[in-house]
Amino acid sequence: MDKKYIIQTYGCQMNEHDSEKIAYILEKLGYVKTDKIENADFIIYNTCLVRENAELKVYGQLGSLKPLKKEKPDMIIAVCGCMMQTGEAKEIIQEKYKHVDIIFGTKNISSLPSLINRHLSTGNTVVDIEDRDLIDNQIDMIREHPFIGYVNIMTGCNNFCTYCIVPYARGREDSRSPESILDEVNDLAKKGYKEITLLGQNVNSYGKTLSNPISFPDLLRMINKVEGIERIRFLTSHPKDLSDDLIDAMAECDKVCENLHLPFQAGSNRILKEMNRKYTQEDYLLLVKKLKNKIPNITLSTDIIVGFPGETEEDFEETLKVVREVEYDQGFTFIYSKREGTKAATMNNQVERNISQKRFERLLDLMYGIFYKNNEKELGKTLEVLVEGPSKNNDEVLTGRTRGYKLVHFKGDKSLIGKLVNVKITGHNSFSLNGDLI
């Protein structure tokens, strides 16, 4: 009987992409995917370190596996990802969760087969957190989606925002060669992929570490020429590195979607300086103005942190001011979470949780109202939608995304999945659109 595996992934698209590589390795070893933990012979948690809540979930899940491990002593439990890149989490797991068999880092995925062999031959917990996998040594993967693919163009980050643990978990910036990226994109095109998302902690600084540096805008122009690919997206952009050339490339390249995720994190210049973001509110709003002038139908999303150490009511009002002025279409909002090892964690003026919570709720009320108003503007329009599959809530309804990354629900035959269709928008709420297939 085939052995079964399950991968639980936390965090960003980079982690999801890493899980696709892990799935390929496990299936090459003879494992078959299952969606039920109780049926699994190999359970792996691919972890995130950015928010405390994701970390606590992993500890909770690991604790709940103790009884299952007693019932199935041959079952293998592994933990990988960003959490494992810090000594504290690795040591906590080794000390308190002794039923975990394998621990490895973000740059050790290719070593998984040997780690499994070492565990099976010794019966001991195996740990590997060495920097080994190089950005250009790409590992084959089993992609989660048959026509939408992630393409990793760089890893790491050099910015050291004072609240962020990513540079410590993922390391410094390392760009993948354009030749390697284009090979992967061409391969995806041949396999029928319609949309790709280029991934990096800060894609705007792509190419600086290459022996023959090229810019991210030039990479976009190269990928735009690949036949078969219909849509190009990218994540994530740091405002300080968003150049006029990149805005021009987005406007020029017909396959680059009119959608940009541009985190501003806070509206107060004082807080932005404390965060080490290296731009001001004025700089950010000028970028938004340039984007809207050059790409009039662009949709914008962002990240916002509420309750950063030292944030006053006046500082928070500056955040609300930016939200009102930009009028985002989507947003990811967070109450500041202290991450040990970052500079912000040592700051004395931590904001009380109840104050942060009230500000957070005010921010959500404002943003949800803007989302609703923006979606209302789509009524009566006919929009191109890439059909992703049936709705989670209604099997008779299909769902997909516009070029502006707006979620659309409409009735249609499942034969349309994976195709680009036109949908006339007839209804909306703050988070999605409803329509009729044209």
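Start with β7 and strand β10 (residues 195–199): they run parallel, and five bridges join them. Two strands count as paired if DSSP finds at least two bridges between them. Helices (H or I, at least four residues) and strands (E, at least two) are DSSP runs, numbered from the N terminus.

Some housekeeping. This is a predicted model, so local features need pLDDT of at least 70 and side-chain atom pairs count only at pLDDT 80 or more, while totals for chains, interfaces and linings use all residues. Residues are numbered from 1 along each chain as its sequence is written, and side-chain values use heavy atoms, with hydrogens and water left out.

Back to the sheet. It is open, with three strands in the order β7-β10-β11, and the pairing is parallel. β7 (148–152) and β11 (231–235) are at the edges; each has a single partner strand, so one side of each lacks a neighbour in the sheet. From one strand to the next, the twist averages 25 degrees. Axes here are lines fitted to C-alpha atoms, for helices over the stretch in contact, and angles run from 0 to 180 degrees between N-to-C directions.

What lies across β7 and β10? Helix α7 (residues 178–190) does, and it runs at about 170 degrees to β7. Contact means heavy atoms within 4.5 Å.

Next, another parallel pair. Strand β13 (residues 299–306) and strand β14 (residues 330–335) share six bridges. Thr302 is opposite Gly331 in β14. Between these strands the chain passes through helix α12 (residues 313–326), and this β-α-β crossover is right-handed. That means that, with the strands pointing away from the viewer, the path from the first strand over the helix to the second runs clockwise.

Now the barrel. It is closed, has five strands in the order β15-β16-β17-β19-β18, and its pairing is mixed. Here the twist averages 50 degrees from one strand to the next. Strand β15 (residues 382–390) and strand β16 (residues 397–402) pair in the antiparallel sense, over five bridges. Leu386 has Arg401 in β16 as its bridge partner.

Last, helix α1 (residues 13–28). Its buried residues (under 20% relative accessible area; exposed is over 50%, partly exposed in between; 1.4 Å probe, protein chains only) include Met14, His17, Lys21 and Ile25. Just after α1, Gly30 takes a positive phi of about 100 degrees.
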